[in-house]
Amino acid sequence: KKRDNLRPKIHTVEHHTRAKASCQFSKTKSEEKGKQEKAMFSTLGAALRSQTMRAGVRALHRSAPRCASSKTGDYTIIDHTYDAVVVGAGGAGLRAAFGLTEAGFKTACITKLFPTRSHTVAAQGGINAALGNMEDDDWRWHMYDTVKGSDWLGDQDAIHYMTEQAPKAVIELENYGMPFSRTEAGKVYQRAFGGQSLKYGKGGQAHRCCAVADRTGHSLLHTLYGQSLRYDTAYFIEYFALDLIMDQGRCVGVMALCLEDGTLHRFRCKNTVLATGGYGRAYFSATSAHACTGDGNAMVTRAGLQNEDMEFVQFHPTGIYGAGCLITEGCRGEGGILLNSEGEPYMKRYAPVARDLASRDVVSRASTMEIRAGRGCGPEKDHVYLQLSHLPADVLKERLPGISETAFIFAGVDVTKEPIPVLPTVHYNMGGVPTNYRGQVLTSDGSGDKIVPGLYAAGEAACASVHGANRLGANSLLDIVVFGRACAHTIAQENKPGETLPELPAQAGESSIANLDKVRHADGATPVAALRLQMQKTMQNNAAVFRTGEVLQEGVELMNGIYKNLSDVKVFDRGLVWNTDLVEALELQNLMICALQTIVSAEARKESRGAHAREDFKDRLDEYDYSKPLEGQTKKPFDQHWRKHTMSTMNMDTGAVGLKYRPVIDETLDQKDCPTVPPAVRTY
């Protein structure tokens, strides 16, 4: 069969050799025959070598030998044992996985997508680090900006750790081969980005965002993936993680479904890292990929653990109107301007100093207010314009090539001549699985934090909380690299490779199989896509940029009804091999769990902070009134202010969401080296 496949190539080379010989030289028949045989064997050898190389590449992603398997009804269960399992192969997952393998741990990486298709690839603007290549800079100034950007809901020990590690992380990426854009002096190019300042907000705009043109996430993901292939990590590609396996409060493994053949895989391990990304697809219009379905957050919820600060959903100011595709903040960093229908650069009225480079929540609210005031653009006055045509053509070509292409494809706009129609669009989830700065998952019952043994989280799925109520642009790529690495370091510090693992509990994974079987045979009246659309439109309308108590309460009631309708869902494909209908139904379950916690948490928070803007509670409610001198003020009790983290759980049967609260960490890791940033009125 291989010989038959190769024959056309051999004939092509043979014919080419004869033609060349007849045109250029007069050779004897024996010389011609020798030439032909040499070409034929050379081609055959090259083809066989190519096949061997392809087999080798496939072998890189083949799982370890299947040591044990069993049968439960229609399902084959295959058992695996590893020191550590990473769920997700975006930036955070890859950095954690190869960090663990490098430290000697037998590591598996489970991912429902090929690694380079993970959503990290869509990040455009850059990665923040105080390198000081454009002007003098200090990581402490970066920390100040991040705390301020979080609206003082960020944990300052984690922010301290992230910003201090940032320069090392970027240099590490550069050493891995990440092709950063360069200055004329050959240094890593850094652009201006929203919310970034010098000298604790008093020194003007900082240029802190290290960029690879406008394709930084793409470059970072491919760099990390290439680096990961140096190590012997077992990649389980196109495996859908179903649930965590818990034993007496400890995470001891993961259940996963192989999409290719429908087998179930039970992973036993001492340490599990969740790096599954966000849940932007809970909304109708989002920059998130369709794979961003909050799988890790839902797995944690089903395990009876908490999620943190789910009400804080970031709307990016510049998603393409109608399509929702991201237009990077880097456009405004390079000098782009937002305009209303009157051609006015309106940000000067909302952020007199930072203007278009204010933090994202401020800019999104400003654009929404312009539209509400009747100054929107287009026939329906329902969007605004991003003007780039005043920028030099060489800047657009060198620094924003992807944006120029995206605007032309999705908006039909030539950015050198016309503005881009844009609208605030769901972009990022600040909330997630609660962790400390070492990546360890936490729970809180009001009496203090408790670590969940064996469980870690990093990236958008996690909540460290370095972003608090609002993430600054270009801090997300930094987050995934720093905390993916932190998870690997913490596991290496507290464990040894090859340690004996306890046996799995009896019936481990049976609840996952029962849910899978129930969903697979669901025979209700509502198609998965129809129910998903109901959820997305409810979240879009009832948990938007601006929120009110009445609209949120209506949203909670609607979402409770939609959650109950999961029992009436219809799955058409009953098979197990590449059953996308089944996978979308499982992803809808996960999205629904995240969406309910988001809208219930938002309804409960009676204040405005960061991305959570209440029109009926317009002010931030802290323990003190920081707009006035603190002298003479009495500190409000914990239950009477909102500078605290929301901790949510959910009853899977009823959909009832339970809320508790956890204090914000104001202490840094070293008060002498980096003192606490005290709360203040947040203006730009």
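This is a predicted model: local features need pLDDT of at least 70, side-chain atom pairs count only at pLDDT 80 or more; totals for chains, interfaces and linings use all residues.
Trainee: Where do I start? How many helices and strands does the chain have?

Mentor: Start with the inventory. The chain has 17 helices and 25 strands. Of its 684 residues, 57% count as buried. Then look at contacts between residues at least 6 apart in sequence: 73% of them join residues at least 24 apart.

Trainee: Now the sheets. How are strands held side by side?

Mentor: Strands of a sheet pair through backbone hydrogen bonds, either parallel or antiparallel. Take one case here. An open sheet has 4 strands in the order β12-β15-β14-β13, and the pairing is antiparallel.

Trainee: Which strands stand at the edges of that sheet?

Mentor: β12 (313-320) and β13 (337-339) do. Each has a single partner strand, so one side of each lacks a neighbour in the sheet. From one strand to the next, the twist averages 45 degrees.

Trainee: Over how many bridges do β12 and β15 pair?

Mentor: Over 6 bridges, in the antiparallel sense. Strand β15 covers residues 420-429. For a landmark, find G319: it stands opposite L423 in β15.

Trainee: Which helix lies across β12 and β15?

Mentor: Helix α12, residues 401-411. It runs at about 80 degrees to β12.

Trainee: How do I read the two sides of α12?

Mentor: List the buried residues, then see where they point. In α12 the buried ones are G402, I403, T406 and A407. They cover an arc of only 130 degrees around the axis, which puts them on the same side of α12. On the other side, F408 and I409 are exposed.

Trainee: What covers the buried residues of α12?

Mentor: The cover includes β12, α8 (330-333) and β15. Look also at what comes just after α12: G412 takes a positive phi of about 65 degrees.

Trainee: Where can I see parallel pairing?

Mentor: Go to strand β10 (residues 264-274) and strand β18 (residues 449-457). They pair in the parallel sense over 3 bridges. V273 has Y456 in β18 as its bridge partner. β18 also pairs with strand β17 (residues 440-444), in the antiparallel sense, over 4 bridges. There, L442 stands opposite I451.

Trainee: How many residues lie between the strands in the hairpin of β17 and β18?

Mentor: 4 residues. In this hairpin G446 takes a positive phi near 100 degrees.

Trainee: What should I check for aromatic rings?

Mentor: Check the distance between ring centres, then the angle between planes. The count here is 15 aromatic pairs. In one of them, the ring centres of Y82 and F236 are 6.1 Å apart and the planes are at 90 degrees, so the pair is edge-to-face. Y82 lies in strand β2 (residues 75-87) and F236 in strand β7 (residues 234-237), so the pair ties together parts that are 154 residues apart in sequence.

Trainee: Are Y82 and F236 buried or exposed?

Mentor: Both are buried. Compare W642 and Y661. This aromatic pair is edge-to-face too, at 5.4 Å centre to centre and 80 degrees between the planes. W642 lies in the loop between β23 (613-614) and β24 (644-650), and Y661 in strand β25 (residues 657-663), so the pair ties together parts 19 residues apart in sequence. W642 and Y661 are buried.

Trainee: Which charged residues lie over ring faces?

Mentor: Here are two cases. K148 lies over the face of Y684, at 4.3 Å from the ring centre. R399 lies over the face of Y189, at 3.9 Å from the ring centre.

Trainee: Is A213 buried or exposed?

Mentor: A213 is buried, with a relative accessible area of 13%. Y200 is partly exposed, at 40%.

Trainee: Where is a cis peptide bond?

Mentor: Between A464 and S465, with omega about -5 degrees. S465 lies in the loop between β19 (462-463) and α13 (476-494).

Note on methods:
Residues are numbered from 1 along each chain as its sequence is written. Side-chain values use heavy atoms; hydrogens and water are left out. Two strands pair if DSSP finds at least two bridges between them. Axes are lines fitted to C-alpha atoms, for helices over the stretch in contact, and angles run from 0 to 180 degrees between N-to-C directions. Contact means heavy atoms within 4.5 Å. Rings of Phe, Tyr and Trp (its six-membered ring) pair if their centres lie within 6.5 Å; planes under 30 degrees apart count as stacked, over 60 as edge-to-face and the rest as tilted. Buried means under 20% relative accessible area, exposed over 50%, partly exposed in between (1.4 Å probe, protein chains only). A charge sits over a ring if NZ of Lys or CZ of Arg is within 6 Å of the ring centre and within 35 degrees of the ring normal. The arc is that of the directions from the helix axis to the C-beta atoms.
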